[in-house]
Amino acid sequence: MSETTNTNEEKKPPLNGRRALPSSSSNDEENEVPEMEAFGLVPRGFNPKDYLRVVDIHMFKDPQEINKQEHHTDKYYNPKLIVRRGQHFQIQIDFNRPYKPETDQFWLEYLIGRYPQQNKGTYIPVLVGDVLKPGEWGAKITHKENNSIRLSVMSSATCIVGKFRLYVAVWTPFGILRTHRNSATDTYILFNPWCQQDAVYLDDEKEREEYVLNDVGIVFHGNIDDIKFRSWSYGQFEENILDACLFLMDKAELELSGRGNPIKICRVASAVINSRDDNGVIAGSWDNTYTYGVAPSAWTGSVDILLEYYSSKQPVRYGQCWVFAGVFNTFLRCLGIPARLITNYSSAHDNNANLVLDFFLDDEGKVDTKLTKDSIWNYHCWNEAWMTRPDLPVGFGGWQVVDGTPQETSDGMYRCGPASVQAIKHGHVCFPFDAPFVYAEVNSDIVYSRREKNGIQVIEKIDTTHVGQLIVTKEVGGDGMVEITEEYKFQEGSQEERLALETAVMYGIKKQTTRDTMYQPQTDVDMDFQVQKAVLGSDFKVTINFRNKSRNYYTATTYLSGNIVVSFTGTKRCLFSFLFLPSASAFDVVIKSSDYLNDLLDQASFHFFVTARINETGKILAIQKATVLEIPTLRIKTRGEMIAGKEMSVTVEFTNPLKQTLENVTLRLEGPGVLRTVKNEFRQIPMNSTLTWEVKCIPKRPGLRKLIASLNCDALRHVYGELNVQIQKP
C-alpha cells in the first residue's frame with residue numbers, strides 16, 4: 001500500500017456545524033445502552049431481580065415461520081429477522097414470572113446507528129397499546145400464556161430502511177431495566193411494495209414478484225437489427241448481499257435519517273455503484289485492457305462483485321453499462337424497491353445537452369474523429385426504480401430512470417437520476433434529477449456537417465429518427481422482451497411529440513437551429529445499406545444501395561468506414577476506406593475476417609459509416625448503422641436427479657469455431673439457489689476442438705432455477721450459455 005492510500009483512509013474531522021450530535025451515516029456503528037438507567041439515587045435494598053425481568057425473546061425468524069412468510073423475505077439467506085415496513089410482525093417475550101398489566105410496564109426500543117435520536121427516527125420507543133394503527137409504530141399483546149406474551153408489532157411505513165438493534169425496557173420505581181445487547185434479535189426493516197402507505201407501493205402482485213422477488217433477469221444487447229440477450233444473476237437474496245447493500249449506503253455517507261426515502265437512496269446509489277469519484281463498487285473500462293481485473297463480459301451476475309467490494313472496500317474491476325445496471329438492480333431489489341433493467345438501442349451520449357449529436361465531416365466526406373465528440377452506442381443499459389415523487393407535481397411518480405454508468409457529472413459527481421419517465425415523455429425536463437441528459441439519450445437528432453473553406457458550416461444531413469429507436473425490458477413472468485419506447489416518447493412526427501419537444505426547449509434544453517447554417521440536402525437521391533448476418537471469424541459483405549429519384553445522371557464518390565466499437569468516449573478505430581464510382585444502384589463490399597479478427601474487441605460489434613459525395617452537385621449523403629457478429633454459445637447439461645439438498649452434476653461444453661487456438665480461457669458458472677459462482681481456467685482450446693467441464697453441486701432451493709455460464713479470453717468475449725432447471729423438493 002502506498003502512503004497516499006493510507007492518508008485517504010484517515011478519518012476526516014466531522015463537519016457538524018451547530019448540531020448537538022455528530023451526523024450519523026453508519027448502520028454498523030453502535031452506542032452503549034445502559035442495562036440499568038437509574039432515575040436518581042438507588043436505595044440500598046434494591047434488587048433488580050425482584051421486578052419483571054426478560055428471560056428470552058423469540059423472533060420467529062426462520063424462513064418457514066410466520067414473519068418471513070408474510071413479509072416475503074423467506075428467500076434471504078440470513079439468520080436474522082427481516083421484515084418490511086408498514087406491516088405487522090410477531091415476537092414473543094418470556095419473562096421470569098407472569099406479566100401483570102395492572103402493575104408491570106415495559107416497551108420495546110429499536111435503535112440504529114451510533115447516535116440514536118427520537119426526532120431523527122434512529123431511536124424508536126414502541127409502547128404496548130390496545131390498537132395497532134396501520135403504518136405507524138405500535139405494539140399489542142395478542143396472546144398470554146404462563147410467563148410468555150406474544151406481541152404484534154407494527155412499524156412505520158416511512159421508517160428508516162436498515163438493520164435495527166432491539167432492546168426490551170422494563171419500568172421500575174427506581175429506574176429502567178433493559179435487556180443486554182443481543183445481536184440475535186437484530187431486525188432488518190426493508191421497503192414494502194405490498195404496503196399502500198409505502199412510497200414504493202406497487203399494486204400488481206405479478207409485477208411485485210418480477211421486480212422485487214425475481215433474482216434472475218435478462219440483459220438485452222446487440223443492436224436494433226440483431227437483438228441479442230443474456231441472463232444475469234441478481235442474487236439479491238444470497239448470503240451477505242443484504243449487508244453489502246446496506247454498506248453501500250454507509251460508503252456513500254447517506255445520513256441514516258434519509259434512508260427511509262427511496263429518492264435519496266437511488267440518488268446516492270447511482271454515484272456509489274461506479275468508482276469514478278468516490279471509490280465506489282465498479283471501475284469502468286472501455287478500452288479492452290482488463291489487466292488485474294475481470295473483463296466486463298465475463299461476469300455472470302452481481303453477487304461476486306458486491307461480495308468482493310464488501311470485503312475489500314476497493315473498486316472491483318471491470319464493468320460496462322450492463323454490469324453497472326445489473327449490480328444496481330440487485331441493490332434496489334434487495335432493499336425492496338421495485339426495479340428493472342432497461343436497454344435503449346441507438347443511445348445518444350450528448351456531451352453538451354443540446355439535443356444534437358454533431359458528426360463533423362472532412363472535405364472528402366469522411367467523419368472527422370478529432371472534432372466529433374458526441375457518440376452513439378448501439379445500446380446502453382440503465383435501470384428504472386418504482387416510487388412516488390412527492391417532490392414533483394402530481395403525475396410524475398411511477399418509474400424513475402436511475403443510471404450507475406459514469407457518463408456525465410451531476411451536482412459534481414458521476415451519477416444520474418432519479419428522473420421521472422413521465423416527465424421525460426412530456427418534455428418536463430425542469431424536474432430533478434438529470435432529466436435533460438436522459439431526454440437527450442432517447443431524443444437527440446444526428447447532424448452531419450462540414451465546414452467550407454470560407455468558414456461557413458454546411459449541414460449535409462439531419463437524421464431525426466435514428467436515436468432511441470427502441471427501448472426494451474424483460475417481460476413480467478417470462479424471459480421475453482417487452483417494448484416500452486412509448487413510455488419515453490410519443491410517436492415520431494406526432495403532434496404530441498412536437499409539443500413535448502417544445503416543452504423541453506421551453507424548460508431550457510438548447511435545441512440547435514439550422515438558421516445560422518446552410519442546409520440544402522440532396523433530396524432526389526436516397527442511400528441505404530445492409531450488412532450480411534455473419535458468424536465471428538468469417539467473411540461477410542456490406543451492400544450499399546442508391547435510389548435515384550430524378551431523371552438526372554449522377555455519379556458518387558463513396559466512403560465506407562467500418563469502425564470497431566471500442567470505447568465509451570466515441571473513439572473508434574478505422575479499418576478501411578476506399579473510393580470508387582458506381583454505375584449501378586447497388587454494390588457489395590466484402591469484409592474479410594483477416595481485416596478485423598486481430599482488432600475485434602469486446603462486443604464483436606462494428607459501427608459502419610457510409611458517406612457519399614454526389615460529384616455533380618457536391619452534396620453529401622450520410623448514414624450509419626451498427627452490426628453485431630454471431631458469437632458461439634456454451635451448452636449446459638445436467639445429469640442425475642435434481643433435488644434440493646442432494647448432489648447433482650452440471651456440464652458446460654464449448655467448441656472453438658475460430659481459425660486459431662484460444663489461450664488463457666476462463667469459464668464461469670453460477671445459478672442462484674443452485675450453486676455459487678465457480679471458475680475454471682484452461683490454458684488452450686485448439687481450433688475446432690470441444691472443451692467439457694463438469695461441476696458437482698448441491699442445490700439449496702426447490703423450484704424453477706437458472707444456470708448461467710460465460711467464457712472469456714482475449715480473442716473471444718460475450719460467450720454465454722444458460723439452462724432452466726426444475727429443482728424438486730426433497
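Here are a few notes on the annotated active site and a nearby-in-topic histidine pair in this predicted model.

1. Start with the annotation. The unreviewed UniProt entry marks Cys321, His380 and Asp403 as "active site". These residues span 83 positions in sequence, yet no two of their C-alpha atoms lie more than 10.1 Å apart, so they gather at one spot.

2. Now His380. You'll find His380 in strand β18, which runs over residues 375–387. Its relative accessibility is 1%, and since buried means under 20%, His380 counts as buried. Setting aside neighbours within four places in sequence, His380 is in contact with both of the other annotated residues, Cys321 and Asp403, and its contacts also include Asn344, Thr405 and Glu441.

3. On to Asp403, which sits in strand β19 (residues 398–403). Asp403 is buried too, with a relative accessible area of 2%. Leaving out neighbours within four places in sequence, its contacts include His380, Cys381, Trp382, Arg415 and Glu441.

4. What joins the side chains of Asp403 and His380? A polar contact of 2.8 Å does.

5. One more histidine to check is His349, in strand β16 (residues 339–349). At 5% relative accessibility, His349 is buried. Its side chain makes a polar contact of 2.8 Å with the side chain of Glu408.

Key
Residues are numbered from 1 along each chain as its sequence is written. This is a predicted model: local features need pLDDT of at least 70, side-chain atom pairs count only at pLDDT 80 or more; totals for chains, interfaces and linings use all residues. Side-chain values use heavy atoms; hydrogens and water are left out. UniProt positions are given in the numbering used here, feature names are shortened, and annotations may be inferred rather than shown by experiment. Helices (H or I, at least four residues) and strands (E, at least two) are DSSP runs, numbered from the N terminus. Buried means under 20% relative accessible area, exposed over 50%, partly exposed in between (1.4 Å probe, protein chains only). Contact means heavy atoms within 4.5 Å. A polar contact is a pair of N or O atoms within 3.5 Å; within protein, one must be able to donate a hydrogen and the other to accept it, and residues adjacent in sequence count only if both atoms are side-chain atoms.
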